[in-house]
Amino acid sequence: MTQDVEMKDEEALPQAPLPSDSASILQHLKEGASFIEAASYTKEVRRIARAVRLTIQLRRKLTAPLLSAFLDYALLPGSEAHARLSAYLPKVTIGMAWKLIMMMPTSAVQAPAKHILPELEIYCYLLVILFLIDQKRYDEAKACSSASIARLKNFNRRTVDVLASRLYFYYSYSYELTGNLAEIRGNLLALHRIATLRHDELGQETLLNLLLRNYLHYNLYDQAEKLRSKAPRFEAHSNQQFCRYLFYLGKIRTIQLEYTDAKESLLQAARKAPFAAQGFRIQCNKWAVLVRLLLGEIPERIIFMQRGMEKALRPYFELTNAVRIGDLALFRNVAEKTGLRNISISYSRISLADVAEKLRLISTNPIADAESIVAKAIRDGAIEASLDHANGWMVSKETGDIYSTNEPQAAFNSRIAFCLNMHNEAVRALRFPPNPHKEKESAERRERQQQEQELANHITEDDDDDF
Amino acid sequence: MDPKLTEVAQLFERFKAAFVRNDFDTCSNFLSQLKVKLTEFRSLPPLFEDTPNAIRELTLARDIYEHAVVLSVKIEDQDAFERDFFQLKSYYTDARDRLPPSPQEYPILGLNLLRLLVQNRIAEFHTELELLSSAALENPCIKHAVELEQSFMEGAYNRVLSARQTVPHETYVYFMDLLAKTVRIILSGK
């Protein structure tokens, strides 16, 4: 599980015509900056989220001169933040003249803000870190992200939260890339505590996932589960974070042998993940296939044929096939029960020696082994059979008409429950923009009420007149 | 040498002498004194401060807790085992890079696996297993516990019962007896 399962937080946006040359990229960055400025003044968090999405689209096109031009624009040249961030960028000498040209139209359009907004400063940090990671300069990315985290602790503004959660992610990611995740565990825990105190739910969500990832990276399932069960849970703010959480939960449950729960989490994670997050979905599917095999289920063929996953899931497909045909030599410890179930379906009566041979039990006393294994399977309810010790037989019970049992009802119920759950989640996921008509409506209603009141007054007055 | 460290080392020697004599009451007595004294060292978990004597203190403390675990098996106290083991565990995991490996590590980890098996805490058993390297899994003490778990899950109880003869370490006998009892209870419940 050391493979990169970074899930890009790109939502399936209607793709804006992507900028082709540097000038327009800079223009886009400035647009992002203006979103952030506006958000900072109006306290609208959603605009910052929009700026972040815009940035992710531009990510691959960032270059050093471009960034330094943007830094000059967004941060006051000569200020402390500016100096600190520029230090991470390679020096541009030839680019200077070009940069000046770039600056020309901007100064005419908009004068830079007099004081630096914290949001904007953090945004610049995010850009620089993205750039450094993409340039594979991980040590600098580490230094830069650590500096940004230190800076973040000073701001307690809700509008910073969205940017902060992205920074946490890249902070952990840069440490993961250099292979020293264990170093930052204490720091992440401290950040999680701060986020909890500030009611920064998105930050808590992100940090909880990072911590789980951190623990699982070192196989510390015990700690991960303890943290997970104690950390406060609330309704998910970000779909991506929720997917990750489900995936980690599924992994923990698998190790704890709670396969039913694990399967549910993993399948849900695979389904909820955005289509672009291919690596993540492959991981989810791999784990889900294993868990389903352990449960004695045979995953459908279609799972292995999903676009872009055929190759990655190939070994899992072969494993599934081995289980399906019943080649026990390949997966002895995985699904003895499945093998036994197949035997009990195929034979109404079979000697224990044959069972031992079919299950390929290798020991000094295979018949005794087979007997105890069958006994356990009967007790666990895996097969419907009885043992004849005197003759050394396993006698399978006739499978009666399945429709006379509660089985179809239970299957039907679980499907209905699944659909209802899906529907409820879909309804819950709907988002509405703050309603601009609402105010108008209530104003109208007030007016109407007033009119009615006046009318009523008139009537009573008329009544009075009658007397 | 630090006088505090010398004092603890001497006390520990007396503990070991009583341990060899199988005088377990005296041992428990010494052990609680030792534990109190260990709290004064700042180089031990959870602080892990880098003091000049850190390595020597850590090694001594690890040795003490290893004896504490074995003692708890001998006086057949499972709760004490769990407490001592968890204190010991952080020496094996968090201080791994700084200390030379202990020869007792695998026997004790195997004992813990066995305890989880006896107490039927299978989820924790597998969580612990995930922490072990593939080299550790080859160790006879660990392998013993892992194979037991497999026979246990498959229902090959005859193998569980016969495994008592092949214990890799004398301390394992106590848990093997308990395990045999567990198996008999399960079988009689059928």
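Trainee: Is A:Arg349 buried or exposed?

Mentor: In this predicted model, A:Arg349 has 11 C-beta neighbours inside 10 Å. A residue counts as exposed if it has 12 or fewer such neighbours, so with its 11 A:Arg349 falls in the class called exposed.

Trainee: In which strand does A:Arg349 lie, and which residues does A:Arg349 touch, not counting residues up to four places away in sequence?

Mentor: The element that holds A:Arg349 is strand E1 of chain A. Once residues up to four places away in sequence are set aside, the residues that A:Arg349 touches are A:Trp393 and A:Val395.

Trainee: How far apart in space are A:Arg349 and A:Asp139, C-alpha to C-alpha?

Mentor: Along the sequence, A:Arg349 and A:Asp139 are separated by 210 residues. In space, taken from C-alpha to C-alpha, the distance between A:Arg349 and A:Asp139 is 67 Å.

Trainee: Which residue in the hairpin of E2(A) and E3(A) takes a positive phi?

Mentor: The hairpin of E2(A) and E3(A) has four residues between the strands. A positive phi, near 70 degrees, is found in this hairpin at A:Gly392.

Trainee: What span is expected for helix H1 of chain A at 1.5 Å a residue?

Mentor: Helix H1 (residues 22-42) of chain A has 21 residues, and from its first C-alpha to its last it reaches 30 Å. That reach is close to the span expected at 1.5 Å a residue, which is 30 Å.

Trainee: Within what arc do the buried residues of H1(A) fall, seen down the axis?

Mentor: The buried residues in H1(A) are A:Leu26, A:Leu29, A:Gly32, A:Ala33, A:Phe35, A:Ile36 and A:Ala39. The face turned away from that buried side carries the exposed residues A:Tyr41 and A:Thr42. Seen down the axis of H1(A), the buried residues line one face of the helix, because they fall within an arc of 165 degrees.

Trainee: Which residue follows H1(A), and is its phi positive or negative?

Mentor: The phi of the residue that follows H1(A) is positive, near 60 degrees. That residue is A:Lys43.

Trainee: Which element gives the most to the side of chain B that touches chain A?

Mentor: The contact takes 16 residues from chain A and 13 residues from chain B. On the side of chain B that touches chain A, two or more residues come from each of helix H6 (122-130), helix H8 (140-154) and helix H9 (157-162) of chain B. With five residues, the element that gives the most to this side is H6(B).

Methods
Residues numbered from 1 in each chain as written. Chains lettered and ligands numbered in written order. Predicted model: local features only at pLDDT ≥ 70, side-chain atom pairs only at ≥ 80, totals over all residues. Contact = placed C-beta atoms within 7 Å. Pairing = 2+ DSSP bridges. Buried ≥ 20, exposed ≤ 12 C-beta atoms within 10 Å, placed from the backbone. Expected span 1.5 Å × (residues − 1). Arc of directions from axis to C-beta.
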